[in-house]
Amino acid sequence: MAEKRKQNKIEICAYSIDSCLVAERTGADRVELCDNQQEGGTTPSYATIVYAKEHLNIDTMVMIRPRGGDFLYNDIEFSLMKEDILLCKKIGVKGVVFGLLNSDGTIDKERTKTLIEIAKPLDVCFHRAIDVSKDYYQSVQDIISCGARRILTSGAANKAIEGIENIKKIQQDFGSQIEIMIGSGVNSSNIKMLKEYTNVNNFHLSAKTKIDSKMQFRHPKVSMGGNNLDEYSINIASEEEIKKIKERLSYKNLHDFCF
């Protein structure tokens with residue numbers, strides 16, 4: 001007799017309210033609400049968090065990251081993170097997402113515990129800061145000891161498909177103690193393999209597609225951002241891609257069961 005199968009969870013990394021609405025409309029389980037996609041995600045505005053809470057029926061996790069760059073925060077930045085978490089508690093979102101490292105690449109357990117304590121009873125996800133930590137396996141254990149509910153990881157690699165062996169190992173060794181969620185480069189073409197090989201059933205992705213700006217006049221010589229930013233296109237979650245992902249994760253054979 002097969003054991004009870006676990007439910008797959010799809011989390012959409014949403015950089016706009018429009019993407020949140022797409023995620024809900026296409027059956028995603030939750031969103032991770034962020035700002036500043038070019039920096040890999042920072043804390044969204046207060047108004048954006050409030051709007052998401054008031055208009056979404058699916059769970060909203062909020063990124064707590066005061067800036068782009070590394071995950072070594074000074075005292076002012078840490079204070080901002082604490083205040084943002086308190087605001088999220090006041091608004092009543094499902095949870096918060098953050099990650100903190102020490103300068104030597106270890107998990108900043110002291111500050112992580114402080115933020116988790118402040119966040120209670122919200123869910124806490126420790127994000128991909130773990131993927132740039134010094135000792136990946138030890139970092140998982142440290143995060144568990146701090147009391148986080150979930151870890152978002154690509155297996156200490158740029159893309160989850162490249163870190164699949166590490167993800168499989170931590171799922172085997174620690175999956176009963178903390179939720180493992182796979183992120184970075186997850187899409188409809190690889191999600192089936194990621195699931196079946198690692199036995200993980202939590203997936204994080206942006207499912208982004210570009211839509212053309214409705215601006216008719218486009219100034220050819222002025223740019224508001226660097227890094228060859230295309231200011232006349234907008235990234236938004238793709239309904240088609242999310243639907244494909246849900247289809248790939250549907251239970252159709254024994255390989256789809258989590259034992």
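View 1. Buried stands for under 20% relative accessible area, exposed for over 50%, and partly exposed for anything in between (1.4 Å probe, protein chains only). Take V96 and skip its neighbours within four places in sequence: its contacts (heavy atoms within 4.5 Å) are M61, V62, I64, I85, C88, A119, L122, D123, V124 and C125.

A quick note on ground rules: residues are numbered from 1 along each chain as its sequence is written, and side-chain values use heavy atoms, with hydrogens and water left out. Because the model is predicted, local features need pLDDT of at least 70 and side-chain atom pairs count only at pLDDT 80 or more, while totals for chains, interfaces and linings use all residues.

**View 2. V62 on strand β3.** Look for V62 in strand β3, residues 59-63. Strands (E, at least two residues) and helices (H or I, at least four) are DSSP runs, numbered from the N terminus. V62 counts as buried because its relative accessibility is 0%. Leaving out residues up to four places away in sequence, V62 touches L33, P44, I49, C88, V93, G95, V96 and V97. V62 and E32 sit 30 residues apart in sequence, yet their C-alpha atoms are 5.6 Å apart in space.

**View 3. The buried side of helix α8.** Helix α8 spans residues 239-248, and E241, I242 and I245 are buried in it. Why do they end up on the same side of α8? They cover an arc of only 100 degrees around the axis, which puts them there; the arc is taken from the directions from the helix axis to the C-beta atoms. The cover over the buried residues of α8 includes β1 (9-14), α1 (17-25), α7 (191-198), β8 (202-205) and β10 (233-237).

View 4. E239 and R25 pair up through their side chains in a salt bridge, 2.6 Å from N to O. E239 belongs to helix α8 and R25 to helix α1, so the pair ties together parts that are 214 residues apart in sequence. With a relative accessible area of 29%, E239 is partly exposed, while R25, at 55% relative accessibility, counts as exposed. A salt bridge here is a side-chain nitrogen of Lys or Arg within 4 Å of a carboxyl oxygen of Asp or Glu. By this rule the count comes to 14 salt bridges.

**View 5. Other salt bridges to look for.** K109 and D142 meet through their side chains at 3.9 Å, N to O. This pair links distant parts of the chain, with K109 in helix α4 and D142 in helix α5 (residues 136-146), 33 residues apart. K109 is partly exposed at 34% relative accessibility, whereas D142 is buried at 11%. The side chains of R218 and D212 also form a salt bridge, at 3.0 Å, N to O. Here R218 is partly exposed at 32% and D212 is exposed at 55%. Elsewhere, salt bridges link D123, R149, R150 and E179 in a network.

View 6. Which two residues does a cis peptide bond join? They are K120 and P121, with omega about 10 degrees, and P121 lies in the loop between α4 (109-119) and β5 (123-126). N36, which is not a glycine, has a positive phi near 60 degrees. You'll find N36 in the loop between β2 (30-33) and α2 (46-55), partly exposed at 29% relative accessibility. A156 is not a glycine either, and its phi is positive at about 60 degrees. A156 is in the loop between β6 and α6, partly exposed with a relative accessible area of 37%.
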